Amino acid sequence: MASEWLDDPIHIREARSGEAEDLSDVAYRSKGYWGYNPETLDQWAGPLTITEEYLEANPTFVAYEEDDEERILGFCALLCDQGRWELDHMWVIPEAIGRGIGARLFLRACEEAELLGASSLWILSDPSAEGFYKHMGAVRIDQQTTVVDGTERILPILSIRLTTEGPEDPVPHDPA
């Protein structure tokens with residue numbers, strides 16, 4: 001599959017210091033693509049905001065076009081929580097959706113998680129993105145109920161096995 005991308009102008013690199021605001025903008029724009037109203041997006045200000053401290057602490061990768069490294073088309077980020085690696089962010093700007101950028105970022109996230117010792121990657125997905133993750137090989141393992149604008153919403157929890165060696169990564173318990 002990688003050979004298909006040899007002449008592709010899309011590249012992936014590590015996020016750089018100073019890009020937190022740009023990445024937050026990508027997250028907001030991408031989330032907004034799925035039809036959420038601005039007030040709802042504002043409710044997610046915390047989870048959609050990337051900080052410089054976050055970039056320093058978490059493996060984060062950006063997609064860009066070969067001729068414009070400063071224009072970020074999408075990004076992904078990993079987070080380790082109690083020994084379990086999670087895909088914490090995965091966003092593509094609306095005008096770049098459908099170009100295979102999400103697939104490239106997802107594969108890069110999986111590669112990095114495996115390099116960091118993960119045997120699987122955990123994903124708390126927006127309902128609109130579940131089909132994408134399943135297409136990439138993830139399986140639904142659970143769900144989480146949340147309320148948005150007074151409406152109950154089910155968030156799929158998925159996992160993708162990265163290696164056949166070793167046990168599945170731990171699933172943290174909910175201390176509540």
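1. Helices, of type H or I with at least four residues, and strands, of type E with at least two, are taken as DSSP runs and numbered from the N terminus. Because its relative accessibility is 9%, asparagine 58 counts as buried, and, when residues up to four places away in sequence are set aside, it touches Leu78 and Leu79.

2. The model under discussion is a predicted one. Its chain contains six helices and seven strands, and along the sequence these follow the pattern β-α-α-α-α-β-β-β-α-β-α-β-β. The chain has 176 residues, of which buried residues make up 44%. Among the contacts in the chain with a separation of 6 or more, 63% come from residues 24 or more positions apart.

3. The seven strands of the open sheet are arranged in the order E1-E2-E3-E4-E5-E7-E6, and their pairing is mixed. Strand E1 (10–14) and strand E6 (139–148) are the edge strands, each of them pairing on one side only. On average, and with direction ignored, neighbouring strands of this sheet are turned by 25° against each other.

4. Two of the strand pairs can be followed residue by residue. Strand E2 (residues 60–65) pairs with strand E3 (residues 68–81) in the antiparallel sense over six bridges, and within this pairing threonine 60 has alanine 77 of E3 as its bridge partner. E6 and E7 also pair in the antiparallel sense, over nine bridges, with glutamine 143 standing opposite proline 156 in E7. These two strands, E6 and E7, form a hairpin with two residues between them, and aspartate 149 in the turn has a positive phi of about 50°.

5. Which strands does helix H1 lie across? Helix H1 (residues 20–32) lies across E2, E3, strand E4 (84–92) and strand E7 (151–161), and runs at about 85° to E3. Helix H5 (residues 101–115) lies across E1, E2, E3, E4, strand E5 (120–124) and E7, and runs at about 160° to E4.

6. The largest nonpolar core has 44 residues, and those touching the most other members are Phe75, Leu87, Ile101, Phe106, Leu121 and Tyr133. Two or more residues are given to this core by each of H1, helix H4 (52–57), E2, E3, E4, H5, E5 and E7, and H5 gives the most, with seven residues. As background, nonpolar side chains in soluble globular proteins tend to be buried together.

7. The structure holds three aromatic pairs. One of them, formed by phenylalanine 106 and tyrosine 133, is tilted, with 5.6 Å from centre to centre and 55° between the planes. Phenylalanine 106 lies in helix H5 and tyrosine 133 in helix H6 (residues 130–135), so this pair ties together parts that are 27 residues apart in sequence. Another pair joins phenylalanine 132 and tyrosine 133, whose ring centres are 5.1 Å apart and whose planes stand at 70°, which means that the pair is edge-to-face. Phe106, Phe132 and Tyr133 form one aromatic cluster.

8. Two arginines are placed over aromatic rings. The charged end of arginine 84 sits over the ring of tryptophan 122, at 3.7 Å from its centre, while arginine 108 lies over the face of phenylalanine 61, at 4.1 Å from the ring centre.

9. A further arginine, arginine 99, is found in the loop between E4 and H5, and it counts as partly exposed because its relative accessibility is 40%. Arginine 99 touches Ile10, Glu65 and Leu73, not counting residues up to four places away in sequence. Although arginine 99 and isoleucine 10 are 89 residues apart in sequence, they are 9.4 Å apart in space, C-alpha to C-alpha.

Note on methods
Residues are numbered from 1 along each chain as its sequence is written. This is a predicted model: local features need pLDDT of at least 70, side-chain atom pairs count only at pLDDT 80 or more; totals for chains, interfaces and linings use all residues. Side-chain values use heavy atoms; hydrogens and water are left out. Two strands pair if DSSP finds at least two bridges between them. Axes are lines fitted to C-alpha atoms, for helices over the stretch in contact, and angles run from 0 to 180 degrees between N-to-C directions. Contact means heavy atoms within 4.5 Å. Buried means under 20% relative accessible area, exposed over 50%, partly exposed in between (1.4 Å probe, protein chains only). A nonpolar core is a set of buried Ala, Val, Leu, Ile, Met, Phe, Trp, Tyr and Cys residues joined through side-chain atoms within 4.5 Å. Rings of Phe, Tyr and Trp (its six-membered ring) pair if their centres lie within 6.5 Å; planes under 30 degrees apart count as stacked, over 60 as edge-to-face and the rest as tilted. A charge sits over a ring if NZ of Lys or CZ of Arg is within 6 Å of the ring centre and within 35 degrees of the ring normal.
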